[in-house]
Amino acid sequence: MSGNSEEQLSSVIPPDDVSRELSAVRSDVENFPHLGVVGDTYTILLTGKDTAGRFCLIDMFVPSGGGPPPHRHDFEETFILLEGEVDLIFRGVKRVARAGETIHVPANAPHQFHNSSSQSARMLCLCSPAGQEEFFQQIGIPVATRTTPPPKLDAGAEADLRAKVAKLAPKYRTELLPHA
């Protein structure tokens with residue numbers, strides 16, 4: 001292209017989709033949906049609908065003793081530790097993740113986190129692409145606030161929930177494992 005040409009390069013970036021809105025949310029608003037999942041409380045800040053399916057963002061409150069069982073899934077997952085610490089088991093190796101750290105778990109890798117400290121932990125979880133938030137919406141128990149623990153389940157309700165999780169996990173590209 002010559003320097004005096006009036007040709008313009010067309011953009012490789014698609015035009016702005018004006019039907020999509022700016023999202024501004026606060027996880028501590030009481031009427032915002034908060035879900036009890038695996039003893040933790042998860043507040044879904046951004047869904048796939050908000051991000052055109054590119055990612056979801058979840059505020060995770062993990063009390064002492066909290067955290068999911070060993071699992072893996074076919075999407076990327078990043079944790080940003082805001083408060084406290086969690087034990088992270090990644091491909092069988094345990095390490096402690098502390099406030100201020102960002103941890104990235106590649107797709108398909110066995111992992112789990114567990115809060116073995118006496119203090120609660122808080123982290124942001126980004127899953128890409130989106131979809132994990134839909135799984136949590138299906139299995140979570142609504143609670144009042146970002147830090148409200150889920151109700152304790154009796155043995156029958158716990159068994160029903162485990163069966164529901166096992167049935168839904170494949171739909172949400174997740175596999176439960178005997179160990180991480």
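Two strands pair if DSSP finds at least two bridges between them. Helices (H or I, at least four residues) and strands (E, at least two) are DSSP runs, numbered from the N terminus.

**Entry 1: ground rules**

I am working with a predicted model, so local features need pLDDT of at least 70 and side-chain atom pairs count only at pLDDT 80 or more, while totals for chains, interfaces and linings use all residues. Residues are numbered from 1 along each chain as its sequence is written, and side-chain values use heavy atoms, with hydrogens and water left out.

**Entry 2: the whole chain**

I began with the overall layout. The chain has 2 helices and 12 strands, and their pattern along the sequence is β-β-β-β-β-β-β-β-β-β-α-β-α-β. Along its principal axes, the C-alpha trace spans about 75 × 40 × 35 Å. I also looked up burial, where buried means under 20% relative accessible area, exposed over 50%, and partly exposed in between (1.4 Å probe, protein chains only). Of the 180 residues in the chain, 39% are buried.

**Entry 3: the sheet**

Next I traced the strand order. An open sheet is formed by 7 strands in the order S8-S5-S10-S3-S2-S1-S11, with antiparallel pairing. Strand S8 (102-105) and strand S11 (141-143) are the edge strands, each pairing on one side only. I found that neighbouring strands of this sheet are turned by 30° against each other on average, direction ignored; the axes are lines fitted to C-alpha atoms (for helices over the stretch in contact), and angles run from 0 to 180 degrees between N-to-C directions.

**Entry 4: strand S10 and its partners**

I then stayed with strand S10 (residues 121-128), which is mostly covered, with 6 of its 8 residues buried. S5 pairs with S10 in the antiparallel sense over 7 bridges. Strand S3 (residues 56-62) also pairs with S10 in the antiparallel sense, over 7 bridges.

Which residue of S10 is the bridge partner of Met 60? I found Met 123, and Met 123 is also the bridge partner of Leu 81. Further along, Cys 56 has Cys 127 as its bridge partner in S10. Ile 80 has Leu 124 as its bridge partner in S10, and Ile 80 also stands opposite Thr 102 in S8. S5 and S8 pair in the antiparallel sense over 4 bridges.

**Entry 5: the cavity**

On a 1 Å grid over the protein atoms alone, a cavity is a set of points where a 1.4 Å probe fits but cannot get out, and a pocket is an open set with protein on both sides within 12 Å along at least five of seven lines; lining residues have an atom within 4 Å of a point. Grid points are joined across faces, edges and corners, and a volume is the space filled by probe spheres set on the points.

My search of the whole structure gave 1 cavity of 30 Å³ or more, and the largest cavity has a volume of about 30 Å³. Its lining consists of Phe 79, Leu 81, Val 86, Leu 88, Ala 97, Ile 103, Phe 113 and Met 123. Strand S5 (76-83) and strand S6 (85-90) are the elements that give two or more residues to this lining. For classes, Ala, Val, Leu, Ile, Met, Phe, Trp, Tyr, Cys and Pro count as nonpolar, Asp, Glu, Lys and Arg as charged, and the others, Gly among them, as polar. The cavity lining has 8 nonpolar, no polar and no charged residues.

The largest pocket holds about 770 Å³ of space. It is lined by 31 residues, of which Val 37, Val 38, Gly 39, Pro 69 and Leu 161 are the closest to its centre. By class, the pocket lining divides into 20 nonpolar, 7 polar and 4 charged residues. Among the elements that each supply at least two lining residues are H1 and helix H2 (155-168).

Which residues of helix H1 (residues 132-139) are buried? I noted Gln 132, Glu 133, Phe 135, Phe 136 and Ile 139.

Last, I checked Ser 64, in the loop between S3 and strand S4 (71-73). Ser 64 counts as partly exposed because its relative accessibility is 43%. Ser 64 and Ser 118 are 54 residues apart in sequence and 5.4 Å apart in space, C-alpha to C-alpha.
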